[in-house]
Amino acid sequence: MPTGPELAVDERSRIARDLREDFGARLLNQLSRAGDTATATEARVMLGELRSLLDALDPRCFLLADCVAEWQAALAECCLEADLQLDWNAHGPWPARNLTPVQRCNPQLILREFARNAARHSQPTCIELHLSMSAQSLAICCRHDGLSQAPQAWPAARGLRMINLRTQDLGGTLSWSLPQAGIVQLDLLLPLAYAPAHA
């Protein structure tokens, strides 16, 4: 019978299997039967989040450059669904570094939440992202040009709570601001305790 680390790996595999075979199959079924665009879009969003959560159970490490490409693809998909322009400013080259599953998954989920919240509440036309890194941290600046109240007046809804929790999971910090009229900005600073990738 497996013990210790082997048991943890087996448990992660069991959880991933159950999520994929049960909830994943049900979401695919809902998507195939969706009678309207809004329902189909919501099912696709839920399926994408499920896949990201399953990725977080994967015990492997992932190259930073591959993760950045995944984040860009996920944000581009959200913008396409909401008919928003994406201005992506994160061109590398990126060092050959490994990220953990949570470091791979959480930034993608945060970016998706940022775009969906903007589309739902602020009617923007464009999402702008700047990504840069130092030896020990990753800085992400997200902006949109939608209408909004001052961040202090925002209700603590689910989307904001999940952005906060996922930032905390990474040991990072975040701040919201209105740097100029009609611009909402999210700044994330995420420490990366990663290791060099092996050849």
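Colleague: Leaving aside its neighbours within four places in sequence, which residues is tryptophan 71 in contact with?

Modeller: Contact means heavy atoms within 4.5 Å. Setting aside the neighbours within four places in sequence, Trp71 is in contact with Trp88, Leu99, Gln103, Arg104, Pro107, Gln108, Leu111, Leu131 and Leu138. Keep in mind that this is a predicted model, where local features need pLDDT of at least 70, side-chain atom pairs count only at pLDDT 80 or more, and totals for chains, interfaces and linings use all residues. Residues are numbered from 1 along each chain as its sequence is written, and side-chain values use heavy atoms, with hydrogens and water left out.

Colleague: Which residues have the most contacts inside the largest nonpolar core?

Modeller: General idea first: in soluble globular proteins, nonpolar side chains tend to be buried together. A nonpolar core is a set of buried Ala, Val, Leu, Ile, Met, Phe, Trp, Tyr and Cys residues joined through side-chain atoms within 4.5 Å. Buried means under 20% relative accessible area, exposed over 50%, and partly exposed in between (1.4 Å probe, protein chains only). Here the largest core has 29 residues, and Trp71, Leu75, Leu129 and Ile140 have the most contacts inside it. At least two residues of this core come from each of α3 (64-81), α4 (101-121), β4 (126-133), β5 (137-144) and β7 (183-191), and α3 gives the most, with 7 residues. Those labels are DSSP runs numbered from the N terminus: helices are H or I of at least four residues, strands E of at least two.

Colleague: Is leucine 129 buried or exposed?

Modeller: Buried, because its relative accessibility is 0%. Leu129 lies in strand β4. Leu129 and Leu75 are 54 residues apart in sequence, yet 9.6 Å apart in space, C-alpha to C-alpha. Beyond its neighbours within four places in sequence, Leu129 is in contact with residues including Leu75, Trp88, Leu111 and Ile140.

Colleague: And where does leucine 190 lie?

Modeller: In strand β7. Leu190 counts as buried because its relative accessible area is 2%. Contacts of Leu190 outside four places in sequence include Pro107, Leu138, Ile140 and Leu170.

Colleague: Now the helix pairs. At roughly how many degrees do the axes of α3 and α4 cross?

Modeller: Axes are lines fitted to C-alpha atoms, for helices over the stretch in contact, and angles run from 0 to 180 degrees between N-to-C directions. The axes of α3 and α4 come within 9 Å and cross at roughly 20 degrees. So α3 is roughly parallel to α4. Angles under 35 degrees count as roughly parallel, over 145 as roughly antiparallel, 65 to 115 as roughly perpendicular and the rest as oblique. Residues making the contact include Trp71, Ala74 and Leu75 of α3 and Gln103, Pro107 and Leu111 of α4. By class, this contact has 8 nonpolar, 2 polar and 4 charged residues. For the classes, Ala, Val, Leu, Ile, Met, Phe, Trp, Tyr, Cys and Pro count as nonpolar, Asp, Glu, Lys and Arg as charged, and the others, Gly among them, as polar.

Colleague: How do the axes of α4 and α5 cross?

Modeller: At roughly 160 degrees, coming within 10 Å; helix α5 covers residues 158-169. That makes α4 roughly antiparallel to α5. On the α4 side the contact includes Leu109, Ile110 and Phe114, and on the α5 side Leu160 and Ile163. Its residues divide into 5 nonpolar, 4 polar and 4 charged.

Colleague: Last one, the backbone. Which residues does a cis peptide bond join?

Modeller: As background, most residues other than glycine have a negative phi, and most peptide bonds are trans. Here the cis bond joins Gly92 and Pro93, with omega about 5 degrees. Pro93 sits in the loop between β2 (85-89) and β3 (97-99).

Colleague: What is the phi of aspartate 83, and of glutamine 123?

Modeller: Asp83 is not a glycine, yet has a positive phi of about 60 degrees; Asp83 lies in the loop between α3 and β2. Asp83 is exposed, at 70% relative accessible area. Gln123, also not a glycine, has a positive phi of about 50 degrees and is in the loop between α4 and β4. Gln123 is exposed too, with 55%.
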